Amino acid sequence: MSCRQNGVLCVWVLVCIVVSVLDVFWLQPSLSDVHCKRCACENSLGSLPARRDQPAKSLQSVHTTKRLEPAPNVMTSRSDVRGLGYLDKLSRDRYEACKPRQRRPSTQTVQCHDLTFQEGKNPIVALASPPGSGNTWVRYLLEQATGVYTGSIYCDTDLKAIYPGEKVVSGNVIVVKTHRYATLQLPSDVQEALGKTNYDKVILLIRNPYNCLLSEANRKWNVDSSVSNHVGLASDIFLTDITRWNQFVLSKSGAWLAVLRTWLKQDHMPVMIVQYEKLVTDLRGEMLRILNFLGQQVSNESLDCAIENANGSLRRTRHLSVDPFSKDNNAVIDRVLEEARPILQRYNVSYSMPVIVNAEPPQRTS
């Protein structure tokens, strides 16, 4: 069918072309404005290809609960990951090298912000903890309060789809997760690229070692494939295997003490202790302490949103109904606590054996 046969259609096509040209070369509107002006044409003629070179509105602040746009000239390879253009080559390589186990939408039920990597040369802050202390939960809280991704020295493929900053170690993330205790140093490739050896600050997250070990056992030995290993429960098969469980208690309680010794005995970088138990009882107060240590000022609205939606999707809300700790296990952990006492006293922290409510000892096998 020629234009002469259907002059109305031809005129409509020409109008759409003119509008698109004006959008690109003259008006320079936001991406949402472009979509609104093109929607009538798309309904009649089909979808038009997205323009990758269209600059977006400037990112005014990450400390607001308003919907955030990518910063100018920041090109992203994934439409839902903002601020990739702020990453240097090494950080971008580390980001790309860590792939999610399966691509899926974020399972977080509420997002207080459209998250982004932050711009500039910011301090690299370690979020150090023994495994099972709530590191993943604190990452979620900080992201919701600040609007900035958190990073990690690891590549947890289960977490990558929810925490895009997984494996990124730089000042472009608000904190960097680490469980290391043999060294305080940055990963070797980061040291070489940045010309620095250590983190700039440390937040040490600690938890009563009894509950810490239970949490790590749940993560390590969860066999329910329908839930993430970060929220599942350990199988009785592992908890009742005396040899396996005793080795676990000995190893992980020793690691708990080693993390404290490593990060609290150094004196060349600022350190702040955060107790998991205080986060549970006074979340607002502890979050304000953490944000102040990070030099982050957030709106009351942002903090309220983070607190009101504090659990997220990766905080375990179910707990074991058995107490797997034998008298021998208690003796091991109590010795660790005794060794840790002089270190913790400097920070007014003390721990003892917790009471596990409604728990019965499991039926053990040799």
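The expected span of a helix is 1.5 Å times one less than its number of residues. In this predicted model, helix 10, formed by residues 283-294, has twelve residues and reaches 16 Å from its first C-alpha to its last, which is close to the 16 Å expected at 1.5 Å a residue. Within helix 10, the residues Leu 283, Glu 286, Met 287, Ile 290, Leu 291, Phe 293 and Leu 294 are buried. Because these residues cover an arc of only 160 degrees around the axis, they lie on the same side of helix 10. An α-helix has 3.6 residues a turn, so residues three or four places apart point the same way. The buried residues of helix 10 pack against strand 1 (125-128), helix 4 (135-146), strand 4 (201-206), strand 5 (271-275), helix 9 (276-281) and helix 11 (300-308). Helix 10 is followed by Gly 295, which has a positive phi near 75 degrees.

By class, the contact of helix 8 with helix 12 has 14 nonpolar, three polar and two charged residues.

Helix 12 also holds Asp 334, which is partly exposed, with a relative accessible area of 35%. The C-alpha atoms of Asp 334 and Tyr 210 are separated by 9.6 Å, although the two residues stand 124 residues apart along the chain.

How values were computed: Residues numbered from 1 in each chain as written. Predicted model: local features only at pLDDT ≥ 70, side-chain atom pairs only at ≥ 80, totals over all residues. Heavy atoms only, no water. Nonpolar A, V, L, I, M, F, W, Y, C, P; charged D, E, K, R; others polar. Helix = DSSP H or I, 4+ residues; strand = E, 2+ residues; numbered from the N terminus. Buried < 20%, exposed > 50% of the residue type's maximum accessible area, 1.4 Å probe, protein only. Arc of directions from axis to C-beta. Contact = heavy atoms within 4.5 Å.
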